[in-house]
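Have a look at it first, and then we'll go through some spots one by one.

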Amino acid sequence: MALPMLRGCYRFPSTFSFTRLFLNERFFLNRSGKTRLPPSPPAGAAASVRPYSSDRGGEKQKQKVVVVGIPNPFIWFRTRIYYFLIRAYFDKDFSIEEFTEGAKQAFTHVSRLLSQCQFEALEGLVAKDLIGKLEEKCNLLPLSHKKALSADPDEIMYTTPGDVGIYYDDNGRKFVSILMRFWYLTSAHLPEDTLEGTRIFQVAISGEGQAETKRLLTANYEFQREFTKGVPPDWTITRIEHSKLLD
């Protein structure tokens, strides 16, 4: 089936508007055991609630993280058109929900390998030309920054699809790329002036005044798959960015 309208590459901004995410009140975090509820979001808002607990000295404390984003209706609608086109012309079983879950698993696995500098293990998961660039950058990072690259599954606070691209090359090969954005917490010790624009949280562990410092970081991972007939149906990571760590 011909698809002339998709000749070339089409990209658009993130589905959710998170402008200055760490500096405004669209992000609410409660890590002390007391619940602080955000204002009621307007119609069309999307929220993600991540409950988890810490256990120190036999004391278990429940904590919640709430992320609220207000979607752009026009971009949300256009995104859904692209998902429809992917199902209509490339993969009839494509589901953005299933893709997002798989992307989260890939993100935690690849970020851990990067943190441990296991670059050979990235082969088959990350584009070959990107692995060499990542190795050069990671070898220059101090140990604290390498630790901050690793994202634990329980510390991923929010995940959302970003840019979507559908395009052909000059040889008629067909590609789909999806940029995924992740927000995650890390306990890595980082200089306070290193990651400008991120937010630091003091997490109360017990009544003795002890606290654990958590920092909220962001990462962008772009996944690409070739849909040319006869090509293995594998998604490959072609872009990796960890804010202020791997740009």
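## A quick briefing

Let's start with a serine: Ser-111 sits in helix H2, which covers residues 96-115. Keep in mind that this is a predicted model.

- Is Ser-111 buried or exposed? Its relative accessibility is 0%, so Ser-111 counts as buried, because buried means under 20% relative accessible area.
- The side chain of Ser-111 reaches the backbone oxygen of Thr-108, at 3.1 Å.
- Which residues does Ser-111 contact once you leave aside its neighbours within four places in sequence? The list is Leu-149, Ser-150, Ala-151, Tyr-221 and His-242.

**A nonpolar patch on the surface**

- Over on the surface, Trp-76, Phe-77 and Ile-81 make up a nonpolar patch. Together they have about 310 Å² of accessible area.
- One of these, Ile-81, belongs to helix H1, residues 73-89.
- Ile-81 has a relative accessible area of 37%, so Ile-81 is partly exposed.

**Aromatic pairs**

- How many aromatic pairs turn up in a search of the whole structure? The search finds 12.
- Tyr-83 and Phe-94 form a tilted pair, with 6.1 Å centre to centre and 45° between the planes. Tyr-83 is in helix H1 while Phe-94 is in the loop between H1 and H2, so this pair ties together parts that lie 11 residues apart in sequence. Both Tyr-83 and Phe-94 are buried.
- Phe-107 and Phe-182 form a stacked pair, at 4.1 Å centre to centre with 10° between the planes. This pair links distant parts of the chain: Phe-107 is in helix H2 and Phe-182 is in strand E6 (residues 174-186), 75 residues apart.

**A cluster of rings**

- Ring pairs also join up into a cluster, made of Tyr-83, Phe-90, Phe-94, Phe-99, Phe-223, Phe-227 and Trp-235.

Technical notes. Residues are numbered from 1 along each chain as its sequence is written. This is a predicted model: local features need pLDDT of at least 70, side-chain atom pairs count only at pLDDT 80 or more; totals for chains, interfaces and linings use all residues. Side-chain values use heavy atoms; hydrogens and water are left out. Helices (H or I, at least four residues) and strands (E, at least two) are DSSP runs, numbered from the N terminus. Buried means under 20% relative accessible area, exposed over 50%, partly exposed in between (1.4 Å probe, protein chains only). A polar contact is a pair of N or O atoms within 3.5 Å; within protein, one must be able to donate a hydrogen and the other to accept it, and residues adjacent in sequence count only if both atoms are side-chain atoms. Contact means heavy atoms within 4.5 Å. Patches are made of residues with over 30% relative accessible area and no salt bridge: like charges are joined within 9 Å, nonpolar side chains (Val, Leu, Ile, Met, Phe, Trp, Tyr) within 5 Å. Accessible areas come from the Shrake-Rupley method with a 1.4 Å probe; for residues, only the protein chains shown count as cover. A salt bridge is a side-chain nitrogen of Lys or Arg within 4 Å of a carboxyl oxygen of Asp or Glu. Rings of Phe, Tyr and Trp (its six-membered ring) pair if their centres lie within 6.5 Å; planes under 30 degrees apart count as stacked, over 60 as edge-to-face and the rest as tilted.
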